Each structure stands twice: as structure tokens, then as C-alpha cells.
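Here are a few friendly notes to read with the model open beside you. Please follow along in the viewer as you go.

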Amino acid sequence: MPRRGPHSAEHASYPTGLLIAAIGGILLTLDVPLLRLAAADSWTATFVRGLCMFAAISAGWWWFIRRRDPSMPFINGRVGLLVAFTSMLASIMFIFAVHHTKAANLVFILALNPLFCALMARLIFAERLPWQTWTAIAMAIVGVAIIVGDGVAENTLFGDLLAIGVALCIAIAITAIRRTDRNLVTSLAAGSLLSALVASFFAAPLALSAESWMWLALNGLLIVPLATALSALAPRYIPAPEAAMFFLLEAVLVPVWIYLIFKEAPTQNVMIGGTIVVATLVGHSLWRLHASQGGSASGKRRPAESAAE
């Protein structure tokens, strides 16, 4: 029988990577709708979701990592503490943003995360950014400015600003993770637990209905942890820029789900701003994919291209 070489093995794993990335991206689109369906106040939702995510991520860490390496610490150094702290802030602000702005505003702003990561790398580590990334950042800022400006008229400015805060916190965490080879998955669990501890002073979990508990548990125990794991796994099988494009499903599908379930439609200005943001990110992701494929073909990458990713 003919032997399969490394190229055929790589080709065989590509559909697997696409499937993993697609499932992870689609699951992420259910996060906001499930939180809305729970109909819990912000502090109670933060408390229950935080506990559920802490339990799910910790269980996964123990089963897949700790059992194989008993010496692995739960919090991995100062970077682990930083990621836990930013994760806590992002969790709290995200829940409040869900309840204080429209879903379309939220996901369009959160879609800026890759560009925020590039900007953080520039500001903190002085990484060079190519002109394509600077152009994308400028265009995305225009789109977000339109969305936030609309928020002033629609009384969603507070939620829009919280969404920007969430994107910045996530960008700080991802930038820190890029600079270490340590496993920091449990820092996300610690951040979830910290958010639950903060929320415990204001939460009223006993006042929740059984249906609310069901939606929050489904969100925190299954949907978000599984979506996060699949999204992190996909780049092992397909190029990272290509895997990142599936995150854009959230910006496209969440407004659809929210409209179908709650009849909440984005305003015209939000659609204009969101279209600018999504189109910019799609164009930038396609450029990154082309750059990565060109780098793979030549066997080396230019520093500017690596910084953009």
C-alpha cells in the first residue's frame, strides 16, 4: 500500500480544523442569546455564570492536564495573575454590557478584539505593525465611533463603553499570553471565580426561576467553555488567521438570533458602523491569511507580518 506523506496528512486534517473552528464559532454566537433568555439581573447572572464556568474549566483542566502533570500549578506566575484579573473585569463588564446595550452594538464592538491585540502589541512590546493593520485600525475606529455616537441618541452609551472595556481587557490578556509558553487556561477559571465572588455581594441567585438557572447553567457549564476550547484547538489544524475568521460569526449571527427571539433590531447607524467593522476585519483577516500562506511557501515570515497576527 502507498504510504501517506506529511502533506497528505496535513491535507486530511484541514477539514477537521474547519469543522472545529465552525462549531466553536457557532457556539459562541449562543452566549448573548442565552444570557438574555435567562432574564436575570446583571450581578446574579455574573455570579451564576462565573461559578459554572469556574467549575467547567477547572474540571477540564484537571482531567486533561493536571492528571498528566501533577506539578502544574493552578495559577501560573504573574502572567497568570494578570490574565485572571483581566478575565474577571471582562466577565463583569460583559454581563453588564449585555443588559445595557443592544446585542448588535455589543458584538460589533467585541469584533475589534484582533485589532486591539495588534495595537497592544505595538504599545507594550513596540512590535512593528504593517500599514494594512494600521489602515484596518483606523477604519474600525470609524465604525465604532458611528456605533457609540448612535448609543448617545439611543441611550446605550454606557453599555457600548463597557463593550469597549471588555475588548480591551481581552486584548491585554491575549497579548500577555502571547509572551509566555505557560498554560494559562486555569487563569480563565480563576477570573470566572473572582467575578462570581465580586458579584456575590449583590447577587440574588435564590430569586431565580428554574428556567433562568437552566439557561445560565447551559451557558456557563457547556456552551462557553466548549466554544472556547474548540476555538483554541482549531489553529492546530488550520492557519490561525483562517481560524480567527470564524470569530466573525458572532458579529453576523448574534443580531440575527436576537431579532428572531426578541424582535430587537439594530438601528440604521449601528448597521452602517457594524458593516464597516465587519468588512474591515474580513479584509484584514484575508490579508493575514494570504501573508501566512506566502510566509509558509517561502519558509520565513517578515517581522511586520508576524506582529500583525
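**Notes on the helices and loops**

1. Let's begin with a loop residue. A39 counts as exposed because its relative accessibility is 65%, where exposed means over 50%, buried under 20% and partly exposed in between (1.4 Å probe, protein chains only). A39 sits in the loop between α2 (31–38) and α3. Although A39 is not a glycine, its phi is positive, at about 55 degrees.

2. A word on the source. This is a predicted model, in which local features need pLDDT of at least 70 and side-chain atom pairs count only at pLDDT 80 or more, while totals for chains, interfaces and linings use all residues. Residues are numbered from 1 along each chain as its sequence is written, and side-chain values use heavy atoms, with hydrogens and water left out.

3. Now the overall picture. The protein chain has 14 helices and zero strands; here helices (H or I, at least four residues) and strands (E, at least two) are DSSP runs, numbered from the N terminus. Of the 309 residues in the protein chain, 48% are buried. Taking contacts between residues at least 6 apart in sequence, 86% join residues at least 24 apart, with contact meaning heavy atoms within 4.5 Å.

4. How do α3 and α10 meet? The axes of helix α3 (residues 42–66) and helix α10 (residues 210–233) come within 8 Å and cross at roughly 40 degrees. That makes the pair oblique, since angles under 35 degrees count as roughly parallel, over 145 as roughly antiparallel, 65 to 115 as roughly perpendicular and the rest as oblique. Axes are lines fitted to C-alpha atoms, for helices over the stretch in contact, and angles run from 0 to 180 degrees between N-to-C directions.

5. Which residues make that contact? On the α3 side they include V48, R49, C52 and M53, and on the α10 side they include W213, L216, L221 and P225. By class, the contact of α3 with α10 has 12 nonpolar, two polar and one charged residues. Ala, Val, Leu, Ile, Met, Phe, Trp, Tyr, Cys and Pro count as nonpolar, Asp, Glu, Lys and Arg as charged, and the others, Gly among them, as polar.

6. A residue from another helix also touches part of the 42–66 stretch. L193, in helix α9 (residues 185–199), touches G50, L51 and F54, not counting residues up to four places away in sequence. L193 and V48 are 145 residues apart in sequence, yet their C-alpha atoms are 9.8 Å apart in space. At 26% relative accessibility, L193 counts as partly exposed.

7. Next, α5 and α12. Helix α5 (residues 103–110) and helix α12 (residues 248–262) pack at an angle of about 170 degrees, with axes 9 Å apart, so α5 is roughly antiparallel to α12. A103, A104, V107 and F108 in α5 meet E250, A251, V254, P255 and I258 in α12. By class, this contact has eight nonpolar, no polar and one charged residues.

8. In the loop between α12 and α13 (268–298) you will find K263. Phi of K263 is positive, near 60 degrees, in a residue other than glycine. K263 counts as exposed, at 59% relative accessibility.

9. Finally, α7. At 1.5 Å a residue, the 24 residues of helix α7 (residues 131–154) should span 34 Å, and the end C-alpha atoms are 35 Å apart, which agrees; the expected span is 1.5 Å times one less than the number of residues. Among the buried residues of α7 are I137, V144, I147 and D150. Just after α7, N155 takes a positive phi of about 65 degrees.
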